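Take the points in order and find each residue as you go.

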Amino acid sequence: MSEPINNVACAACGLICENITVRVDNGKIIAAENACSKCAAKLIGQSAGNTAKATISGKPCSVDEAVAQAIAILAESRSPLIYGLAGSDIATQRAAIALADRLGATLDPALPAFHRAAIQAIQAVGISTCTLGEVKQRADVVVFWGCDPDATHPALRERFLDVPGEHVKSRQILAIGSQRPAAHIDEFFQWPVEQQYTSISTLRALVAGREVSCTPDLQALAELLKSANYSVIFFGPELSGVPELEALFQLVRQLNSQTRCAALGLGGTQIENVLTWQSGYPFAVNFALGYPRYGPHTFSANYLLEHGQVDSVLLVGSEGSEHLSAAAQKQLEKLPVILLDNASQKCELKPVVKIPTAVPGIHCAGTVFRMDGVPLRLPAIFDSELLSAADVLSAIQQGVLTSCG
Amino acid sequence: MLSLALLSRTTLPLELSEIQPDTLRELSLREIEQLFIYHGREKLPLAELFSVNGNPSDEQIEFVGDLSSASGIGAEMTGGKIRVVGNAGNYVGLGMFSGEIEVTGDASYSLGSEMRGGVIRVAGSASDCVGGAQLGSVRGMTGGAIFVQGSVGDFVGARMRRGLIAVGGDVGEYAGYKMLAGTVVISGKCGSHAGASMNRGTLWMGQAIKNLLPTFSYACTSRPAVLGMIARELSSLGFDTAGFDALHEWRQYSGDSTMTGRGEIFVPLT
């Protein structure tokens with residue numbers, strides 16, 4: 001067995017734990033220390049991937065041939081869609097945006113519905129937020145609203161909540177949602193999804209001191225949030241409507257006039273940042289007219305696919321395709337799809353062109369934004385011959401420039 | 001009248017915001033045929049997609065065909081009339097200043113969004129955000145009138161600032177969301193969260209509504225004179241006002257108390 005590799009960073013969820021140690025035997029990762037269940041599932045069994053082959057219509061070919069075929073598909077397409085980028089690093093996002101711009105394509109990062117809604121709510125009313133470091137050092141009340149951290153972010157409690165912070169000795173953990181999370185919660189408020197807006201709205205009225213008829217648990221929660229020194233509200237998939245999140249962010253703002261409160265999305269890495277600083281818009285950006293146009297609804301991958309408004313799709317990673325609706329996934333099967341993906345990623349889709357690419361943090365180094373927006377470097381574990389997705393996208397862009405003039 | 005008939009059906013996006021009655025008025029048919037429009041990412045002469053006939057000098061344009069994938073018909077138009085015989089797609093009348101748009105089929109997303117004046121009539125249905133605001137905008141429609149005979153989706157009149165919206169059928173959730181002023185008249189059933197976060201403005205319901213938000217409170221039962229004026233305005237513009245007898249008494253609710261609380265929802269007494 002070879003020497004353990006320390007300080008491996010894991011991008012299996014939005015937390016990006018950097019304290020993982022892996023052991024490699026016979027070219028494969030066989031063990032991961034300090035790893036949560038999601039991290040172990042992502043890392044164990046991974047290899048340098050040098051044997052992965054590109055394919056055209058399922059038949060193995062060279063990467064150059066696959067890239068040439070991808071260029072042919074995209075050059076002919078009148079309305080291409082670039083989707084995916086879940087788990088991608090900054091370099092890949094830059095390359096995907098440059099390609100979308102040159103092609104006049106629509107670029108839509110594979111974000112879950114609540115993350116998209118949160119971005120729209122932030123654009124409408126703003127957000128008072130914080131980093132995970134502040135949660136650890138200062139938060140005395142932590143609320144999980146419409147999310148289950150132990151299922152999606154297994155290391156969150158261990159790294160940030162179960163340890164005492166610099167300014168806080170213990171903390172109260174609350175949960176709000178349709179189902180009680182499996183792990184320990186000090187207090188649980190069971191509200192069905194359709195009641196969330198009404199509840200948040202009532203809380204806003206209570207915090208503002210207005211008279212409103214409400215249940216005792218809402219009154220109790222309002223008092224608890226007002227009496228906290230620093231409360232942090234993590235929100236997740238059950239709050240997937242823009243009005244709910246706008247109301248939540250406004251509630252957080254109201255609380256800040258009396259105490260300190262912050263909201264933080266419990267999602268994956270922030271894959272919208274590069275697109276935002278380059279095009280001005282975070283997702284669902286269309287470049288067809290030669291300049292970026294934003295359509296959170298009408299340029300979303302779901303809408304375009306469901307309405308047959310695209311005729312080819314470049315998938316940068318199959319991770320995140322579960323966020324597409326059933327109708328959109330069905331349409332995907334009918335279209336020419338180019339897939340850049342790691343060979344170990346299971347994918348039921350049968351793409352016309354498949355090109356194996358390196359995974360940042362395993363086969364190549366890369367920088368990603370943690371769920372709270374902190375940029376972190378993922379070092380490579382293997383010395384791999386796999387091309388990075390950024391390299392493949394740049395090669396496709398060069399080819400598109402040549403063939404389209 | 002200038003007639004533009006779609007030659008063959010397309011599901012790829014068609015950008016039609018450049019085709020305006022006033023800008024085409026002085027052009028010959030040949031020049032109109034050579035105007036460029038976007039079909040997906042391709043820039044094509046209009047004649048490749050539409051058969052161009054008639055005369056544009058009277059500032060009237062008729063689109064014929066299923067334009068469900070079109071975007072921006074009559075966007076920012078400043079006068080004249082556009083008639084769509086068929087479906088009309090997204091952003092119909094986006095930010096229009098004046099003039100008239102008639103759609104015989106359905107319209108899709110953001111019908112009359114941020115319009116400043118003029119009239120839009122849709123014989124079929126429309127989807128979300130009728131008369132609403134584009135994301136990031138502070139206000140939705142600031143004037144004019146939108147009539148939809150069928151049903152509409154969520155967020156009708158979202159962030160609306162002034163003007164009139166009348167819906168013959170049902171509406172989805174969040175009617176009048178964050179409304180600033182203006183009037184929305186709803187004949188059919190209204191989904192949940194009506195008037196959420198409204199500042200001012202009027203929602204006039206033809207049918208009783210369920211689950212009014214707790215941040216709305218009962219104000220009074222009355223026979224407001226303004227409803228008679230709205231009903232007269234509606235019938236003068238050809239909208240069926242059978243369910244809106246202003247002589248009846250209406251229950252008035254005020255809200256949303258998380259905002260200024262000066263919005264009003266009128267519901268039937270029964």
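1. Let's start where the chains meet. Between chain B and chain A there are 14 residue pairs in polar contact, with both residues at pLDDT 80 or more. Keep in mind that this is a predicted model.

2. How many residues does the contact take from each chain? Chain B gives 29 residues and chain A gives 40 residues. The area buried between chain B and chain A is about 2800 Å², and carbon and sulfur atoms give 52% of that.

3. Now for the charged side chains. The count between chain B and chain A is three salt bridges. One of them joins A:Arg293 to B:Glu15, with the closest N and O atoms 2.9 Å apart.

4. Next, the aromatic rings. Over all chains, the count comes to 17 aromatic pairs. Take A:Trp277 and A:Phe369: their ring centres are 6.2 Å apart and their planes sit at 80°, so this pair is edge-to-face. For edge-to-face, the planes have to be over 60 degrees apart. The pair links distant parts of the chain, since A:Trp277 is in helix α11 (residues 273-279) of chain A and A:Phe369 is in strand β18 (residues 366-369) of chain A, 92 residues apart.

5. B:Trp204 lies in strand β14 (residues 202-205) of chain B and B:Trp250 in strand β16 (residues 250-255) of chain B, so the pair ties together parts that are 46 residues apart in sequence. Both B:Trp204 and B:Trp250 are buried.

6. Ring pairs link A:Tyr197 with B:Phe155, B:Tyr174 and B:Tyr177.

7. Last, a sheet in chain B. What is the order of its strands? This open sheet of four strands runs β4-β3-β2-β7, with mixed pairing. The edge strands are β4 (42-45) and β7 (70-71) of chain B, each pairing on one side only. Strand β3 (residues 36-39) of chain B pairs with β4(B) in the antiparallel sense, over four bridges. To find the spot, look for B:His39, which stands opposite B:Glu42 in β4(B). As a reminder, strands of a sheet pair through backbone hydrogen bonds, either parallel or antiparallel.

Key: Residues are numbered from 1 along each chain as its sequence is written. Chains are lettered from A and ligands numbered from 1 in the order in which they are written. This is a predicted model: local features need pLDDT of at least 70, side-chain atom pairs count only at pLDDT 80 or more; totals for chains, interfaces and linings use all residues. Side-chain values use heavy atoms; hydrogens and water are left out. Rings of Phe, Tyr and Trp (its six-membered ring) pair if their centres lie within 6.5 Å; planes under 30 degrees apart count as stacked, over 60 as edge-to-face and the rest as tilted. Helices (H or I, at least four residues) and strands (E, at least two) are DSSP runs, numbered from the N terminus. Buried means under 20% relative accessible area, exposed over 50%, partly exposed in between (1.4 Å probe, protein chains only). Two strands pair if DSSP finds at least two bridges between them. Contact means heavy atoms within 4.5 Å. Buried area is the accessible area (1.4 Å probe) that two parts lose on being put together, summed over both. A salt bridge is a side-chain nitrogen of Lys or Arg within 4 Å of a carboxyl oxygen of Asp or Glu. A polar contact is a pair of N or O atoms within 3.5 Å; within protein, one must be able to donate a hydrogen and the other to accept it, and residues adjacent in sequence count only if both atoms are side-chain atoms.
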